[in-house]
Amino acid sequence: MPTALVTGGTSGIGAAFARRLAARGDDLVLVARDAARLESTAAELRSAYGVEVEVLPADLSVRDDVTRVAERLADQARPVDVLVNNAGFGVHHRLTDPDPAPHERAIAVMVEAVLVLGGAAGRAMRERGHGAIVNVASTAGYLAMGSYSAIKAWAMTYSESLSNELAGTGVTVTALAPGWVRTEFHERADITTSSIPDALWLEADALVAECLADVDAGKVVSIPSRRYRALMFAVRHAPRSAVRAASRRLSSSRH
Ligand SMILES: NC(=O)c1ccc[n+]([C@@H]2O[C@H](COP(=O)([O-])OP(=O)(O)OC[C@H]3O[C@@H](n4cnc5c(N)ncnc54)[C@H](OP(=O)(O)O)[C@@H]3O)[C@@H](O)[C@H]2O)c1
(Lines give C-alpha, C1' and ligand atoms only; values in the text may rest on other atoms or scores of the structure.)
Protein backbone atom coordinates (compact mmCIF):
# COMPACT_ATOMS: atom_id res chain seq x y z
CA MET A 1 0.00 0.00 0.00
CA PRO A 2 1.30 3.50 -0.74
CA THR A 3 1.80 5.82 2.22
CA ALA A 4 0.95 9.55 2.31
CA LEU A 5 2.22 12.06 4.88
CA VAL A 6 -0.12 15.02 5.41
CA THR A 7 0.91 18.01 7.53
CA GLY A 8 -2.07 19.70 9.19
CA GLY A 9 -4.05 16.53 8.52
CA THR A 10 -6.48 17.01 11.42
CA SER A 11 -8.59 19.89 10.09
CA GLY A 12 -9.95 21.56 6.97
CA ILE A 13 -8.07 20.93 3.72
CA GLY A 14 -5.50 18.57 5.32
CA ALA A 15 -8.25 16.43 6.87
CA ALA A 16 -9.96 16.28 3.45
CA PHE A 17 -6.66 15.07 1.91
CA ALA A 18 -6.38 12.44 4.65
CA ARG A 19 -9.95 11.17 4.02
CA ARG A 20 -9.57 11.10 0.23
CA LEU A 21 -6.16 9.38 0.32
CA ALA A 22 -7.39 6.83 2.88
CA ALA A 23 -10.50 6.18 0.75
CA ARG A 24 -8.27 5.17 -2.17
CA GLY A 25 -6.33 2.82 0.15
CA ASP A 26 -3.25 4.83 1.13
CA ASP A 27 -1.80 4.37 4.61
CA LEU A 28 -1.26 7.70 6.34
CA VAL A 29 1.18 9.63 8.51
CA LEU A 30 -0.55 12.64 10.07
CA VAL A 31 1.39 15.64 11.41
CA ALA A 32 -0.03 18.47 13.58
CA ARG A 33 0.52 20.00 17.03
CA ASP A 34 -2.58 18.80 18.90
CA ALA A 35 -1.72 15.20 19.89
CA ALA A 36 -5.20 14.31 21.20
CA ARG A 37 -6.86 15.51 17.99
CA LEU A 38 -4.27 13.58 15.94
CA GLU A 39 -5.17 10.38 17.84
CA SER A 40 -8.93 10.87 17.42
CA THR A 41 -8.58 11.71 13.69
CA ALA A 42 -6.38 8.63 13.21
CA ALA A 43 -8.89 6.39 15.01
CA GLU A 44 -11.76 7.67 12.83
CA LEU A 45 -9.76 7.08 9.62
CA ARG A 46 -8.66 3.57 10.67
CA SER A 47 -12.21 2.56 11.43
CA ALA A 48 -13.78 4.22 8.34
CA TYR A 49 -11.23 3.07 5.73
CA GLY A 50 -9.27 0.16 7.28
CA VAL A 51 -5.89 1.81 6.58
CA GLU A 52 -2.85 2.16 8.86
CA VAL A 53 -2.54 5.64 10.36
CA GLU A 54 0.60 6.78 12.16
CA VAL A 55 0.59 10.04 14.13
CA LEU A 56 3.57 12.34 14.38
CA PRO A 57 2.88 15.28 16.73
CA ALA A 58 5.08 18.21 15.69
CA ASP A 59 5.06 21.99 15.77
CA LEU A 60 6.38 22.96 12.35
CA SER A 61 7.48 26.37 13.63
CA VAL A 62 10.12 24.51 15.71
CA ARG A 63 13.20 23.36 13.76
CA ASP A 64 13.81 20.19 15.83
CA ASP A 65 10.23 19.07 15.15
CA VAL A 66 10.64 19.77 11.42
CA THR A 67 13.84 17.68 11.48
CA ARG A 68 11.92 14.74 13.04
CA VAL A 69 9.32 14.88 10.28
CA ALA A 70 12.08 15.16 7.62
CA GLU A 71 13.75 12.06 9.10
CA ARG A 72 10.46 10.17 8.77
CA LEU A 73 10.27 11.21 5.09
CA ALA A 74 13.88 10.10 4.54
CA ASP A 75 13.36 6.65 6.08
CA GLN A 76 13.65 4.31 3.08
CA ALA A 77 12.59 1.33 5.24
CA ARG A 78 9.13 2.96 5.60
CA PRO A 79 8.73 4.80 2.26
CA VAL A 80 6.39 7.77 1.94
CA ASP A 81 4.95 7.99 -1.59
CA VAL A 82 2.94 11.20 -1.25
CA LEU A 83 3.81 14.33 0.77
CA VAL A 84 1.13 16.97 1.30
CA ASN A 85 2.76 20.12 2.69
CA ASN A 86 -0.50 21.65 3.93
CA ALA A 87 -0.13 22.95 7.53
CA GLY A 88 -0.62 26.68 7.70
CA PHE A 89 -2.66 29.59 8.96
CA GLY A 90 -3.76 33.09 8.02
CA VAL A 91 -1.67 36.13 8.86
CA HIS A 92 -3.29 39.51 8.60
CA HIS A 93 -0.93 41.44 10.81
CA ARG A 94 0.36 44.65 9.26
CA LEU A 95 3.89 44.59 7.86
CA THR A 96 4.64 47.74 9.90
CA ASP A 97 3.52 46.26 13.24
CA PRO A 98 6.37 46.59 15.75
CA ASP A 99 6.38 42.85 16.57
CA PRO A 100 7.49 40.76 13.56
CA ALA A 101 6.89 37.46 15.44
CA PRO A 102 3.59 36.48 13.69
CA HIS A 103 5.25 36.93 10.29
CA GLU A 104 8.32 34.98 11.41
CA ARG A 105 6.15 32.11 12.69
CA ALA A 106 4.26 32.04 9.40
CA ILE A 107 7.53 31.96 7.42
CA ALA A 108 8.80 29.13 9.67
CA VAL A 109 5.70 26.95 9.09
CA MET A 110 4.74 27.83 5.50
CA VAL A 111 8.20 28.50 3.99
CA GLU A 112 11.04 26.93 6.02
CA ALA A 113 9.22 23.70 6.95
CA VAL A 114 7.88 23.32 3.38
CA LEU A 115 11.44 23.74 2.04
CA VAL A 116 12.96 21.21 4.47
CA LEU A 117 10.17 18.62 4.08
CA GLY A 118 9.98 19.06 0.28
CA GLY A 119 13.75 18.55 0.02
CA ALA A 120 13.72 15.43 2.25
CA ALA A 121 10.78 13.90 0.35
CA GLY A 122 12.24 14.87 -3.04
CA ARG A 123 15.57 13.14 -2.30
CA ALA A 124 13.95 9.96 -0.95
CA MET A 125 11.37 9.74 -3.76
CA ARG A 126 13.98 10.44 -6.47
CA GLU A 127 16.07 7.49 -5.18
CA ARG A 128 13.02 5.23 -5.48
CA GLY A 129 12.03 6.68 -8.87
CA HIS A 130 8.47 7.69 -7.96
CA GLY A 131 6.40 9.89 -5.69
CA ALA A 132 4.20 12.99 -5.53
CA ILE A 133 4.62 16.21 -3.56
CA VAL A 134 1.70 18.63 -3.09
CA ASN A 135 2.38 22.08 -1.64
CA VAL A 136 -0.72 23.96 -0.51
CA ALA A 137 -0.28 27.53 -1.73
CA SER A 138 -3.21 29.92 -2.27
CA THR A 139 -4.84 32.20 -4.82
CA ALA A 140 -3.71 34.89 -2.33
CA GLY A 141 -0.24 34.25 -3.79
CA TYR A 142 -1.36 36.12 -6.95
CA LEU A 143 -2.40 39.16 -4.85
CA ALA A 144 -0.56 41.66 -2.65
CA MET A 145 -2.10 41.11 0.78
CA GLY A 146 0.77 41.18 3.23
CA SER A 147 3.17 38.46 4.27
CA TYR A 148 0.54 35.73 3.63
CA SER A 149 0.47 36.62 -0.11
CA ALA A 150 4.27 36.77 -0.21
CA ILE A 151 4.54 33.38 1.50
CA LYS A 152 2.04 31.73 -0.85
CA ALA A 153 3.72 33.33 -3.90
CA TRP A 154 6.93 31.70 -2.63
CA ALA A 155 5.10 28.35 -2.37
CA MET A 156 3.99 28.63 -6.03
CA THR A 157 7.46 29.50 -7.36
CA TYR A 158 9.13 26.95 -5.07
CA SER A 159 6.81 24.19 -6.36
CA GLU A 160 7.47 25.07 -10.01
CA SER A 161 11.23 25.08 -9.34
CA LEU A 162 11.16 21.77 -7.42
CA SER A 163 9.10 20.29 -10.25
CA ASN A 164 11.78 21.40 -12.74
CA GLU A 165 14.55 19.97 -10.55
CA LEU A 166 12.76 16.61 -10.29
CA ALA A 167 11.62 16.45 -13.94
CA GLY A 168 12.23 13.02 -15.45
CA THR A 169 12.82 11.32 -12.07
CA GLY A 170 9.28 9.92 -11.66
CA VAL A 171 8.52 12.45 -8.89
CA THR A 172 5.79 15.03 -9.53
CA VAL A 173 5.29 18.33 -7.72
CA THR A 174 1.97 20.21 -7.65
CA ALA A 175 1.15 23.59 -6.12
CA LEU A 176 -2.47 23.72 -4.99
CA ALA A 177 -3.91 27.26 -5.10
CA PRO A 178 -7.31 27.26 -3.38
CA GLY A 179 -9.66 30.20 -3.19
CA TRP A 180 -11.75 30.63 -0.02
CA VAL A 181 -12.46 27.26 1.60
CA ARG A 182 -14.74 26.66 4.59
CA THR A 183 -12.36 25.42 7.32
CA GLU A 184 -11.18 26.61 10.74
CA PHE A 185 -8.64 28.88 9.00
CA HIS A 186 -10.56 32.19 9.14
CA GLU A 187 -11.78 31.84 12.71
CA ARG A 188 -8.31 30.84 13.93
CA ALA A 189 -6.77 33.91 12.24
CA ASP A 190 -9.62 36.19 13.36
CA ILE A 191 -10.43 37.07 9.73
CA THR A 192 -13.88 38.56 9.02
CA THR A 193 -15.61 36.61 6.24
CA SER A 194 -19.06 38.24 6.20
CA SER A 195 -18.28 40.24 3.02
CA ILE A 196 -17.23 37.14 1.02
CA PRO A 197 -20.02 36.17 -1.41
CA ASP A 198 -21.39 32.62 -1.08
CA ALA A 199 -20.38 31.87 -4.70
CA LEU A 200 -16.70 32.24 -3.80
CA TRP A 201 -16.68 29.57 -1.08
CA LEU A 202 -15.29 26.12 -1.92
CA GLU A 203 -15.83 22.85 -0.05
CA ALA A 204 -12.64 21.11 1.09
CA ASP A 205 -13.62 17.61 -0.16
CA ALA A 206 -14.42 18.79 -3.70
CA LEU A 207 -11.25 20.93 -3.74
CA VAL A 208 -9.07 17.96 -2.77
CA ALA A 209 -10.75 15.62 -5.28
CA GLU A 210 -9.93 18.09 -8.08
CA CYS A 211 -6.38 18.57 -6.82
CA LEU A 212 -5.65 14.83 -6.68
CA ALA A 213 -6.99 14.43 -10.24
CA ASP A 214 -4.54 17.21 -11.26
CA VAL A 215 -1.72 15.40 -9.40
CA ASP A 216 -2.55 12.17 -11.28
CA ALA A 217 -2.49 14.16 -14.55
CA GLY A 218 0.98 15.50 -13.63
CA LYS A 219 -0.17 19.14 -13.42
CA VAL A 220 2.30 21.51 -11.72
CA VAL A 221 -0.34 24.10 -10.72
CA SER A 222 -3.81 23.12 -9.53
CA ILE A 223 -6.50 25.81 -9.20
CA PRO A 224 -9.71 23.93 -8.39
CA SER A 225 -13.09 25.16 -9.72
CA ARG A 226 -13.86 26.91 -13.00
CA ARG A 227 -14.73 30.16 -11.28
CA TYR A 228 -11.35 30.46 -9.55
CA ARG A 229 -9.48 29.44 -12.73
CA ALA A 230 -11.32 32.26 -14.58
CA LEU A 231 -10.68 34.75 -11.77
CA MET A 232 -6.98 33.90 -11.54
CA PHE A 233 -6.63 34.10 -15.34
CA ALA A 234 -7.99 37.66 -15.08
CA VAL A 235 -5.70 38.49 -12.12
CA ARG A 236 -2.61 37.13 -13.91
CA HIS A 237 -3.37 39.18 -17.02
CA ALA A 238 -4.45 42.40 -15.29
CA PRO A 239 -1.99 45.28 -14.76
CA ARG A 240 -0.26 44.83 -11.38
CA SER A 241 -1.46 48.34 -10.37
CA ALA A 242 -5.06 47.05 -10.64
CA VAL A 243 -4.17 43.92 -8.64
CA ARG A 244 -2.57 46.08 -5.93
CA ALA A 245 -5.68 48.32 -5.79
CA ALA A 246 -8.00 45.29 -5.48
CA SER A 247 -5.71 43.79 -2.80
CA ARG A 248 -5.83 47.09 -0.87
CA ARG A 249 -9.63 47.06 -0.88
CA LEU A 250 -9.75 43.41 0.23
CA SER A 251 -7.20 43.99 3.00
CA SER A 252 -8.99 47.05 4.36
CA SER A 253 -12.27 45.11 4.60
CA ARG A 254 -10.49 42.84 7.11
CA HIS A 255 -9.07 45.45 9.48
N1 LIG B 1 -9.20 27.93 4.16
C2 LIG B 1 -8.88 28.70 3.14
O3 LIG B 1 -9.70 29.56 2.70
C4 LIG B 1 -7.54 28.54 2.49
C5 LIG B 1 -7.36 29.15 1.22
C6 LIG B 1 -6.14 29.02 0.57
C7 LIG B 1 -5.12 28.30 1.16
N8 LIG B 1 -5.30 27.74 2.40
C9 LIG B 1 -4.16 27.00 2.97
O10 LIG B 1 -4.58 25.68 3.26
C11 LIG B 1 -3.77 25.13 4.30
C12 LIG B 1 -4.67 24.45 5.33
O13 LIG B 1 -5.53 25.44 5.90
P14 LIG B 1 -7.02 25.10 6.40
O15 LIG B 1 -7.89 26.12 5.77
O16 LIG B 1 -7.33 23.68 6.26
O17 LIG B 1 -6.86 25.52 7.94
P18 LIG B 1 -7.29 24.80 9.32
O19 LIG B 1 -8.65 24.19 9.20
O20 LIG B 1 -7.09 25.85 10.36
O21 LIG B 1 -6.20 23.62 9.51
C22 LIG B 1 -4.86 23.91 9.75
C23 LIG B 1 -4.11 22.61 10.07
O24 LIG B 1 -2.70 22.93 10.19
C25 LIG B 1 -2.22 22.47 11.47
N26 LIG B 1 -1.18 23.42 11.93
C27 LIG B 1 -1.32 24.75 12.13
N28 LIG B 1 -0.15 25.26 12.61
C29 LIG B 1 0.72 24.22 12.71
C30 LIG B 1 2.06 24.10 13.16
N31 LIG B 1 2.75 25.15 13.66
N32 LIG B 1 2.66 22.88 13.14
C33 LIG B 1 1.97 21.80 12.68
N34 LIG B 1 0.70 21.85 12.23
C35 LIG B 1 0.08 23.05 12.26
C36 LIG B 1 -3.47 22.45 12.37
O37 LIG B 1 -3.35 21.52 13.46
P38 LIG B 1 -2.84 21.97 14.94
O39 LIG B 1 -3.52 23.25 15.28
O40 LIG B 1 -3.16 20.81 15.82
O41 LIG B 1 -1.35 22.13 14.79
C42 LIG B 1 -4.53 21.97 11.38
O43 LIG B 1 -4.47 20.56 11.25
C44 LIG B 1 -2.93 26.28 4.82
O45 LIG B 1 -1.62 26.19 4.27
C46 LIG B 1 -3.64 27.52 4.30
O47 LIG B 1 -2.75 28.61 4.14
C48 LIG B 1 -6.47 27.84 3.06
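Modeller: The structure holds 13 salt bridges. This is a predicted model, in which local features need pLDDT of at least 70, side-chain atom pairs count only at pLDDT 80 or more, and totals for chains, interfaces and linings use all residues. Residues are numbered from 1 along each chain as its sequence is written, and side-chain values use heavy atoms, with hydrogens and water left out.

Biologist: Why is the contact of R24 and D26 called a salt bridge?

Modeller: A salt bridge is a side-chain nitrogen of Lys or Arg within 4 Å of a carboxyl oxygen of Asp or Glu. For R24 and D26 the N to O distance is 3.2 Å, so the pair meets the definition.

Biologist: What makes D26 buried?

Modeller: Buried means under 20% relative accessible area, exposed over 50%, and partly exposed in between (1.4 Å probe, protein chains only). D26 has 2%, so D26 is buried. R24 has 43% and therefore counts as partly exposed.

Biologist: How do you know that R63 forms a salt bridge with E112?

Modeller: The closest N and O atoms of R63 and E112 are 3.8 Å apart, and the limit is 4 Å, so the pair qualifies. This pair links distant parts of the chain, 49 residues apart: R63 is in helix 3 (residues 63–74) and E112 in helix 4 (residues 101–128). Helices are DSSP runs of H or I with at least four residues, numbered from the N terminus.

Biologist: Why is R63 called partly exposed?

Modeller: Its relative accessibility is 47%, so R63 counts as partly exposed. E112, at 36%, also counts as partly exposed.

Terms used
Helices (H or I, at least four residues) and strands (E, at least two) are DSSP runs, numbered from the N terminus.
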